[in-house]
Amino acid sequence: MNINILTAKLLLTLFSLCLATGMAFGQSGPAKVFIEVKGLACPFCVQGLEKHLKKLDAVAGVRTSLKKGEAVLDLRSGRTVDEKELRQAVKKAGFTAGRIRFEEGPATATAEKSVKGGEK
Amino acid sequence: MQNNEPIDQTPRRARVPRILLGALLLIVVFLAGALLLLGTSWKIPRAAIASSGYQLVGYWVGADLPGGKFDRPMGIAVSPTGDLYVSDARKRIVSLGAAGEFKAQWGREGKGPGEFSNPADVAVAPDGSVFVSDYDQDRVQKFTTEGKFLLQFGRSGTGAGEFDAPAGLAADGAGAVYVADFYNHRIHKFSADGTWQKVIGHPGRIGDGALHYPTDVHAAAAGRLLVADAYNYQLQRFDPDGRPAGRLGYHLFWLWPRPTASAAGFNAPTGVAVGPGGVMHVADSGNHRVVMLSENGEYLAEWKIPAADPGVYSPEKIAVSPDGHTIYATDYAADRIIVLKLVGPTTGE
């Protein structure tokens, strides 16, 4: 009987863990944001743009491509960011945000290293 | 009620050209006035010394550095003994001898003493102490020549002694430290112990002392300052009291077209250094070149990066050896230090 109770408890714990893991990894929402920014060429400006975007709570990492004229944001797990907030951050950095695209997918908290201009 | 106002009998078709003509006349008068008032020094005059120039010595990529090759080097400074200090994206400061030999390095990612997020620039004081500005952390750290942490100053903000992206640094002969505050469009002066003293310059696009995204500052002889006023596309001089003392490379039409010809001005001059005798060296990053100016601001020579990536402004910062004969510039786009030698009358040889 004791063994049965232990097995039941173990199964319950495993079930809870699976459920929690599923919630964490299976949750969908905007995981990446692509912001079109024109006129990126100067490293000081690019670093300033990344600095201002990183200040947003939901942003885990930013990388900028000078060639594409685009900033790619990785959002923290389960967090979202308002388009207005993004536009304000870009404006503070001295630029004007163009098209903003949210990519749905499993949330991630991985901060990627920013790439240098030209993507050599 | 009677209306006594005269009736304009001119046909409408005749009135329209007259209005256009008047508007055109107004524009011409306005432009002429603006040129007279502001546009007299928009070109850099050519110096009589035409044979001065740069000669490429080589590129240092840092192949033998313990922490790996240079990765997006940004800040650069030369000590009074001729040693070179470079900051790069590996969150470190590298010290090299005059021949490029490795001497020391320090720093790692973090927010504690001796740690960096984005070490943007380096300055060396006359006593050999090394100052490093952190673009992301809005602070300046002071180290010994060997890299031992001494103190720090500055924080994020817009008030006295506060920064938003300290992009450039300089130390003068008396040990005072100057910080180019990129997003606050101004220069700060601190004493060697980090006590804030004053603000130099103000945000603006037109006029003496108006700064727009300054990226570098150099402490020249007799306490004079030279500022790389990058996005006003000019250099600005300030006297020892911080009063504006003239502009170089200024052009009226900073909006368009941007100057690109060798003697017509700068396109985002992000770094500046002055050698003995007052010869100025400018990292004209938007034009992918190093420009040499005489003490009076006359164009002497230039050196262009061969096959530069047009999508990335480079070189960023520049430094001169104590004898004034060797120029070092950080080539962020190509992960290397450009080493140039001066040739001609400006070397004094």
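**Entry 1: the A/B interface**

I looked up the area first: chain A and chain B bury about 1,900 Å² between them, and 55% of that buried area is on carbon and sulfur atoms. I note here that the model is predicted. I then listed the residues in contact and found 24 from chain A and 26 from chain B.

**Entry 2: polar pairs across the interface**

I counted 3 salt bridges between chain A and chain B. I also ran the polar contact rule over the interface, which gave 8 residue pairs, both residues at pLDDT 80 or more. Next I asked which element of chain A gives the most to the side that touches chain B. The answer is helix α2, residues 43-54, with 9 residues. I sorted the chain A side by residue class and got 10 nonpolar, 7 polar and 7 charged.

**Entry 3: A:K51**

I checked A:K51 for partners in chain B. One of them is B:D164, in a salt bridge whose closest N and O atoms are 3.3 Å apart. Another salt bridge runs from the side chain of A:K51 to that of B:D138, at 2.6 Å from N to O. A:K51 lies in helix α2 of chain A, and B:D138 in the loop between β9 (130-134) and β10 (139-143) of chain B, so this pair joins two chains. Are the two residues buried or exposed? I read a relative accessible area of 4% for A:K51, which is buried. B:D138 is at 1% and counts as buried because the cut-off is under 20%.

**Entry 4: chain B as a whole**

I went through the secondary structure of chain B and recorded 1 helix and 30 strands. Of its 349 residues, 57% are buried.

**Entry 5: other salt bridges**

In chain B I looked at B:D71 and B:R72, which form a salt bridge with the closest N and O atoms 3.0 Å apart. B:D71 is buried at 9% relative accessibility, and B:R72 is buried at 7%. I also looked at B:R92, whose side chain meets that of B:D88 in a salt bridge of 3.0 Å, N to O. Both B:R92 and B:D88 are buried. Last, I traced salt bridges with shared partners in chain A, where A:K32, A:R63 and A:D74 are joined into one network.

Note on methods
Residues numbered from 1 in each chain as written. Chains lettered and ligands numbered in written order. Predicted model: local features only at pLDDT ≥ 70, side-chain atom pairs only at ≥ 80, totals over all residues. Heavy atoms only, no water. Contact = heavy atoms within 4.5 Å. Buried area = accessible area lost by both parts, 1.4 Å probe. Salt bridge = Lys/Arg side-chain N within 4 Å of Asp/Glu carboxyl O. Polar contact = N/O pair within 3.5 Å; in protein donor to acceptor, adjacent residues only side chain to side chain. Helix = DSSP H or I, 4+ residues; strand = E, 2+ residues; numbered from the N terminus. Nonpolar A, V, L, I, M, F, W, Y, C, P; charged D, E, K, R; others polar. Buried < 20%, exposed > 50% of the residue type's maximum accessible area, 1.4 Å probe, protein only.
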